[in-house]
Amino acid sequence: MSKQATQEVLLEMPVVEGQPATAPLAELPAGNGSVDRRPKYRGVDRNQQTMAVIDVEELIGDDHKARAIWELLGKLDLSKFGEQVKSREGEAGRPAWEPRLLSSVWLYGYSEGITSARELERVMEHEPGLKWLMGLASINHHTLSDFRVKRKEELDELFAQMLVAMEEAQLVTLERVMHDGTKVRARSGSDVFRREQTVKERLEKARELVKEDPQGEGRTRREAAQQRARREREERLQAALEELKKIQESKKSEEEKKKARVSMSEAEARFMKHGDGGIAPSYNVQVSTDAANGVIVGVELSQQASDDRGLEPAVAEVEKNLGREPKQVVADGGFINRDSMEKMEAREIDLIGPLKDPRERSEAAMKASGIDPQYAPHFFIWDEKSNTLKCPAGATLEYVGGSQKSGNQYRQYRAQGGECVGCSEQKKCCPRTPEKGRMVSRLEKENEVVARFREKMSTEEAKQIYRQRGAVAEFPFAILKERFGLRKFRVFGKRKAEAEAMWACLAHNVMIWVRLCWHKPATAATA
Ligand code: SF4
């Protein structure tokens, strides 16, 4: 047998070279009296059967990435996946598919941009890499889908093992980790969000329907499926009600609590604003990337639209995966605040990120409270000798005492009410209670942690490091969204969505391993 991947033996071969497949053509007389013949074409015969001989090993080359993925998965311990398998050797029942095989199929699928279980099942019939992995067999899309989203704990373990392997291969150093978050739309639509009263009513109805269901033997499969669907609906509504309580607790006013809404199909999803301006039920996917080779070292889903509390959980996730914290964390302005600076300093992690000038922040705060930024505290001139301030209109503000907020120390000064009431700048400078006189808080001493961070970020070295952030931290998002299509989750629920995000990140890491380590015995120490 030659080295051809497929040799076809035709049982019937009615088409003979030189013989037309169609009926004999008429000779056409040409205008000049000579005979003009129609072109002669070769046709095909579909009324035949073919037997194909396939050498599976010859389907792909020696350097095909399917082999790399299979080899890599063979070096990892996937025994945890086996704990849930019901089929046992020596007992009746169909054997389950090997976790190494299912994992390889998914990771190979991701590497080819195939991220749907149905699509994977369909492509498996003709794609050489998948045909080789599967040994020409095929897996039902339900099995593929369940394996992807229902084995979160096992997947966590696989993700961590992969990282340890990459660390041993010196692809991960944790010297510098870039962290960022991106919003990904949830499966739930925005039209299923309801207020408390509606959720309670629907839950009551769902409970009544479940109570009416007959129990015991004698149910048809169809009836059993309908009952299961009703029970699941009741569970979903119960979860929605519990989640709604959490949302209400996060609201400040009674009015906001009353207006709070929750998704009845996916209680954990939250409305979030996206880069394109759209607002949709979503999760905030937080990803930490090691700067050395772009390996993703931590991934988790947050229900918070804001990133301001995201840094500490991100560091904890990296520590959970690799057993140690990063030395340096680089994040954008959304993560940088006094709380994150203090927490990173307490963990002795070097935090790098942008910090707004206090004047800019002060002007933004003035604007938010209805004062023209041109009347921010730094436009009031301090006289050290008399310890007073002079306002832009020339009035004197007397010292009234000191105050502290967020570790910052302030001196407070107040103008005479009469002067402000009669001032032409009053509407811009003191719009709310001019009769009390304009109050100005002057920063005397900044929080020590913030001051240290500000000093560090003023150095060229820190600025240089921060400039690398975009390329490293945002590259995985480009892969996840553009290549793996992770713009909207395919599954309902935070846990399943987390598993979906994690498979995409794992595939990203595996591709790095294949590119940098495979066939390099000196560094591919993944045992
Ligand atoms: S409102 Fe009062 S503090 Fe402001 S500019 Fe006028 S006098 Fe000065």
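**Notes on the pockets, ligand shell and domains**

1. Arginine 37 sits in the loop between strand E3 (35-36) and strand E4 (50-54); strands here are DSSP runs of E with at least two residues, helices are runs of H or I with at least four, and both are numbered from the N terminus. Arginine 37 counts as exposed because its relative accessible area is 57% (exposed is over 50%, buried under 20%, partly exposed in between, with a 1.4 Å probe and protein chains only). From arginine 37 to arginine 231 there are 194 residues in sequence and 75 Å in space, C-alpha to C-alpha.

2. A word on the basis of these notes: the model is predicted, with local features needing pLDDT of at least 70, side-chain atom pairs counting only at pLDDT 80 or more, and totals for chains, interfaces and linings using all residues. Residues are numbered from 1 along each chain as its sequence is written, and side-chain values use heavy atoms, leaving out hydrogens and water.

3. The largest pocket holds about 1500 Å³ of space. A pocket is an open set of points on a 1 Å grid over the protein atoms alone, where a 1.4 Å probe fits, with protein on both sides within 12 Å along at least five of seven lines; lining residues have an atom within 4 Å of a point. Its volume is the space filled by probe spheres set on the points, which are joined across faces, edges and corners.

4. This largest pocket has 48 lining residues, with Arg361, Ser362, Ala365, Met366 and Tyr410 nearest its centre. Elements giving two or more residues to that lining include helix H12 (338-346), helix H13 (358-368) and strand E16 (408-414). H13 provides the largest share, 8 residues. By class, the lining has 23 nonpolar, 13 polar and 12 charged residues (nonpolar: Ala, Val, Leu, Ile, Met, Phe, Trp, Tyr, Cys and Pro; charged: Asp, Glu, Lys and Arg; polar: the others, Gly among them).

5. For the second largest pocket, the space is about 660 Å³. Ala96, Trp97, Leu102, Thr143 and Arg151 are the closest to its centre among 17 lining residues. Helix H6 (141-149) and helix H3 (99-111) each give two or more residues, and H6 gives the most, with 3.

6. Around the ligand are Cys391, Ala393, Ala395, Cys420, Cys423, Gln426, Cys429 and Arg438, each with a heavy atom within 4 Å of it. That shell has 6 nonpolar, 1 polar and 1 charged residues.

7. The domain assignment, automatic or from a database, gives domain 1 (1-54), domain 2 (56-150), domain 3 (193-263) and domain 4 (358-453). The centres of domain 2 and domain 4, taken over C-alpha atoms, are 66 Å apart.
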